[in-house]
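Q: I have a structure open and would like to learn how to read it feature by feature. Where do we start?

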Amino acid sequence: MSAQPIDNLLVENRVFPPVPAGTLGFDRWHIGSIDEYRALHARSVGDPETFWREEAGRLDWFTPFDKVLEWNAPDAKWFVGGRINACYNCVDRHVQAGHGEETAIIWEGEPVGAGGPEIKRLTYRDLQVQTSKCAAALKALGVKKGDVVTIYMPMVPELAVAILACARIGAAHSVIFGGFAPHAITERVVDASSRVIITADGGWRRGDVVPLLKNVEEAVGTLANQGHIVNHVLVVQRTAHDAGRHGWASGTARIGPTKFHWWHDAVYHAGDACPCEPMDSEDMLFLLYTSGSTGKPKGILHTTAGYLAFVQMTARLTFNLQPGAGQVFWCSADIGWVTGHSYVLYGLLMNRVPTLMYEGAPNFPAAPGKPAGVGDRFWDIIARHKVTQFYTAPTAIRTFMKWGDDLPAKHDLSSLRILGTVGEPINPEAWMWYHEHIGRKRCPIVDTYWQTETGGHVGTPLPGAIATKPGSCTLPMLGIDAAIVNEQGQELGPNQGGLFVIRKPWPGMLRGVYGNRERFVSNYWGRVKDPRTGVPYYFSADGARRDADGYFWIQGRIDDVIKVSGHLLGTMEVESALVSHPAVAEAAVVGMPHDIKGNAICAFVTLRASWAAKNPGRKPDDDLRKDLIAHVAKEVGALAKPDQIRFSEGLPKTRSGKIMRRLLRDVACGVEKITQDTTTLEDYSVVAKLRADEE
Ligand code: WT7
């Protein structure tokens, strides 16, 4: 970790007070005033045992827990001794309570035919039947409680079914975002020792087919060569684009030792009586891989009861969810990210509010009269499905701004009541656009700050209680003891930049980095501790400040990860991909500000002499740049494509050989003068060279 958080010079004075629930069409706010919030927050951190016992009481337990918390920092055990099942809490209990015919999931596919897009509605009873069948099929493939099932799928209803089916039988799911390349699959499958993969033949994205099955075939081949055998692959037929595979007979198609099965054979022919497995509170519910600063992705481990308790509460309070009140919630995130886990699926299903899943892109098809790539699909979806709460990312909002105000203006967005944003700090300008053009100045905006590691929201406005300021995630969630501290753990005064920490455990916190105790301890608990007791604090790796009203302003990551379009990427992942190209000797990757993506990737690359020798006449030019960009897309995925590649003769390093990223960041950002001490720089000429390159 290198950079220090900088004091944010942005001063934002606009304040938007909460509005009465009635004016928005809610019969009430769960928390309806700032005094109520403050009293509850004080109680939640002052007497966490009572507070969380009550929250856990909203879940259905097979066996009640004996103890709320055992805390041996950094290890927490929540709801000790309890037995519970996640699928039961999302599905079966609603059927038991007589809500089986209510809509659980509204799904819309991307392609638009003559009769409009394909739409499916799944009730809680449908989910009960389908998760039971899928669970039975997984058991038949040898999946047992405690195993990790890898899921690499498009946003189709079977994805929700697959996740819940794993939970049903106590297998952990590890969902890999469908935009990742085969290499990402192999890496994660090996790390999780996973033997079964669920995928689809393809997924629809912007009118094209994403070749998921082809990627899985490549991955299982590579894995077999490495000695890791994937036993079974279960394949949903979504695009049917590949006539060759179309004719496969289930279970007989193989690549090496790996057997392939069609979902429509294996699942539909499975029995539908598969009960929910009672799981220990602390049994693993899922792994979700996230980028780290040292290259290899980290398998963030979440356990069952604590995650459920935290996510049902944060979903309910942040979005004022009320079952049976006509709400339709839409979070546009892919389920391959934690936002989709918590706020497309678990948080919504537990609260019995219908959740909308959309398969594709916001710009497909193009809006009438607009060029390809400019669309209004999201506003059309909101209007047709009468979405009441809408949750998306700043990078998407900036894209919509670029596409023009006339697109949302054409649609009836009057069903909307609450707008949410997540993924990175939102620029006040984008916040105001969202407020005016989507919320039509009526809807509160909840800017939710959290991480894969936190399970759910840790800083967010509660729409009925907390006044908002554009660009601030405002105040801590109930039960979250957040603070801005210095390296010594001392709390800092107003507007001083420092480290964002959480001083007490909370139920949704990660329980580990899968298979890597050292990384868990050093990444999250090794940097800051309580100056009096020496007990470690959770450090989020974000720099932030609090203003005079106690509002948090997140400044972004201080380690070597970059947020590109809201997706966290490790600089090492991209550098490793570049270095695996025969032309590249060394690479350093930094973020640079980008209007739409938030940050774009700038790669500094030095070339191998051998490449020049083997390719006489070729120069480091735009053709090579294109090659390198395509190579990164292939190795890591399209979202990791560098926007800029700069060839250089050497990279600036410290005496101990560390690349001076801060300096490169300055170069990439076009900062005029060298803003830091460069006395440890190995070769000044390198910097001079890079700067000259700029002219
Ligand atoms: C990082 C976590 C949280 C789910 C999706 C991303 C940044 C996230 C905000 C926000 C400022 C934010 C932080 C955080 N971040 N939300 N509302 N305001 N920054 O999860 O991929 O684990 O990324 O996203 O830097 O550490 P993730």
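**Reading the model**

A: In this predicted model, start with two helices: α2 and α3 are roughly perpendicular to each other, because an angle from 65 to 115 degrees counts as such.

Q: What is the angle between α2 and α3, and how far apart are their axes?

A: Helix α2 covers residues 34-46 and helix α3 covers residues 48-56. They pack at about 105 degrees, and their axes are 5 Å apart.

Q: Which residues make that contact?

A: Contact here means heavy atoms within 4.5 Å. On the α2 side the residues are R43, S44, V45 and G46; on the α3 side they are P48, T50, F51 and E54. By class, the contact has three nonpolar, three polar and two charged residues.

Q: Now the ligand. Which residues come nearest to it?

A: A residue belongs to the surroundings of a molecule if one of its heavy atoms lies within 4 Å of it. There are 17 such residues around the ligand, and D447, T448, T452, D542 and R557 come nearest. The shell divides into seven nonpolar, five polar and five charged residues.

Q: How much of the ligand's accessible area does the protein cover?

A: On its own the ligand has 550 Å² of accessible area, and the protein covers 95% of that.

Q: Next, the backbone. Which peptide bonds are cis?

A: The bond from A73 to P74 is cis, with omega near 0 degrees, and P74 sits in the loop between β1 (67-72) and β2 (75-80). The bond from F364 to P365 is also cis, with omega near -10 degrees. P365 is in the loop between β18 (355-358) and α13 (377-385).

Q: What is phi of R440, and where does R440 lie?

A: Phi of R440 is near 50 degrees, a positive value in a residue that is not glycine. R440 is in the loop between α16 (428-438) and β21.

Q: Last, where is A638, and what does A638 touch?

A: The loop between α20 (622-635) and β31 (644-647) holds A638. Leaving aside residues up to four places away in sequence, A638 touches G179 and A633. From A638 to A609 the separation is 29 residues in sequence and 28 Å in space, C-alpha to C-alpha.

Note on methods
Residues are numbered from 1 along each chain as its sequence is written. This is a predicted model: local features need pLDDT of at least 70, side-chain atom pairs count only at pLDDT 80 or more; totals for chains, interfaces and linings use all residues. Side-chain values use heavy atoms; hydrogens and water are left out. Accessible areas come from the Shrake-Rupley method with a 1.4 Å probe; for residues, only the protein chains shown count as cover. Ala, Val, Leu, Ile, Met, Phe, Trp, Tyr, Cys and Pro count as nonpolar, Asp, Glu, Lys and Arg as charged, and the others, Gly among them, as polar. Axes are lines fitted to C-alpha atoms, for helices over the stretch in contact, and angles run from 0 to 180 degrees between N-to-C directions. Helices (H or I, at least four residues) and strands (E, at least two) are DSSP runs, numbered from the N terminus. Angles under 35 degrees count as roughly parallel, over 145 as roughly antiparallel, 65 to 115 as roughly perpendicular and the rest as oblique.
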